[in-house]
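Student: I would like a close look at one part of this model. Please keep it brisk.

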Amino acid sequence: RVFRNYDLRKHAYTSIKDHYGLAAQAAQHVIKKVADAYAVLHANLRAGNLGKPGSARRLKAESKPIVFRSEAAQPFDDRCLSWQIDARTVSIWTVAGRLKDLTFTASAEQLKTLSAYRKGESDLVCRDGMWFLIATCDLPDRPVSLPDGFLGVDLGIANIATTSTGTRHCGKALNAVRHRRRELRRRLQAKGTKSAKRLLKKRRRAEARFAANTNHVIAKQIVTEAERTGQGIALEDLQGIRDRVRLRKPQRVTLHAWSFHQLGSFISYKAARAGVAIIHVDPSYTSQQCSACGHVDKNNRPD
């Protein structure tokens, strides 16, 4: 029942070094990774993300120890990983010793950002047989300018985002794509052959990439419009909407499939980089509220 990083070192540091032959810094990273994993678990339990107390899902999460895959992401600090950006190589510590002059590829813009703003640890990730080094870059935000009014953004399912100026980012075509991919996934899972499983594995991240790309495009257009007009952005705070909203079963898939939180986070960080002010408002009754006087009535939204 010891969860703090520094307290765990007193119990496990020496035995990990002796038993696995790890270097000092690598042994500390192992302990820190375990401590961070349990910190995330406890935070999810406190927030209720794993169900209410006594629920089957919550009991399962509390009773099972956390395990890691053999190719799970691994953090590296500057003592275990050094970048030679001009040469596009890295020197990285492994259990087999330090490997030097490993080449990496990146665009010219990424190399410029790495050279100027890289900070903190980097994560080594193995995904679909390819290795990625994910570096944290701390870019300075532009000073937030005083907004001349606010551009309201309404998030929905039929229209993913609708601005107060009347611009609609329609979701009809996007929902059609998601429905087609969901039906293909259902048929492949029902078939269960080796080729079907191989195709499922190949496509398992396609929908996530599609959603992220769409959210990036929408977020960029909204922030660009606000920056051009000198306005701030008023965004709905949809935290906990899945627990508040009751829908019929056919509608649940559509609601739970689209990542409103991701779109909101994209808008937030793009606005910070552009110096655009952003506020979050309570979404309750916003569809029934008059934009001129603020009166709330169901007749304001006839359909």
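At which residues does UniProt place the feature "domain: Cas12f1-like TNB"? And how does helix α10 (residues 260-274) meet helix α7?

Tutor: The model is predicted, so local features need pLDDT of at least 70 and side-chain atom pairs count only at pLDDT 80 or more, while totals for chains, interfaces and linings use all residues. Residues are numbered from 1 along each chain as its sequence is written, and side-chain values use heavy atoms, leaving out hydrogens and water.

UniProt, in an unreviewed entry, puts the domain at residues 260-297. UniProt positions follow the numbering used here; feature names are shortened, and annotations may be inferred rather than shown by experiment. That span is 39% helix and 11% strand. Its end C-alpha atoms are 26 Å apart. Helices (H or I, at least four residues) and strands (E, at least two) are DSSP runs, numbered from the N terminus.

Now the helix pair. The axes of α7 (residues 206-229) and α10 (residues 260-274) come within 9 Å and cross at roughly 40°. Axes are lines fitted to C-alpha atoms, for helices over the stretch in contact; angles run from 0 to 180 degrees between N-to-C directions. At that angle, α7 is oblique to α10. Angles under 35 degrees count as roughly parallel, over 145 as roughly antiparallel, 65 to 115 as roughly perpendicular, and the rest as oblique. The crossing is right-handed: the near helix is turned clockwise from the far one by less than a right angle.

Contact means heavy atoms within 4.5 Å. On α7, the contact residues include Ala211, Asn215, Ile218, Ile222 and Glu227. On α10, Leu263, Phe266, Ile267 and Lys270 are among them. By class, the contact has 12 nonpolar, 3 polar and 3 charged residues. Ala, Val, Leu, Ile, Met, Phe, Trp, Tyr, Cys and Pro count as nonpolar, Asp, Glu, Lys and Arg as charged, and the others, Gly among them, as polar.

Helix α7 has another partner. Helix α5 (residues 172-191) packs on α7 at about 170°, with axes 11 Å apart. That makes the two roughly antiparallel. Leu174, Val177, Arg178, Arg181 and Arg185 of α5 meet Ala206, Glu207, Phe210, Ala211 and Thr214 of α7. This contact has 5 nonpolar, 1 polar and 4 charged residues.

Ile160 belongs to strand β8 (residues 159-163). Ile160 is buried, at 3% relative accessible area; buried means under 20%, exposed over 50%, partly exposed in between (1.4 Å probe, protein chains only).
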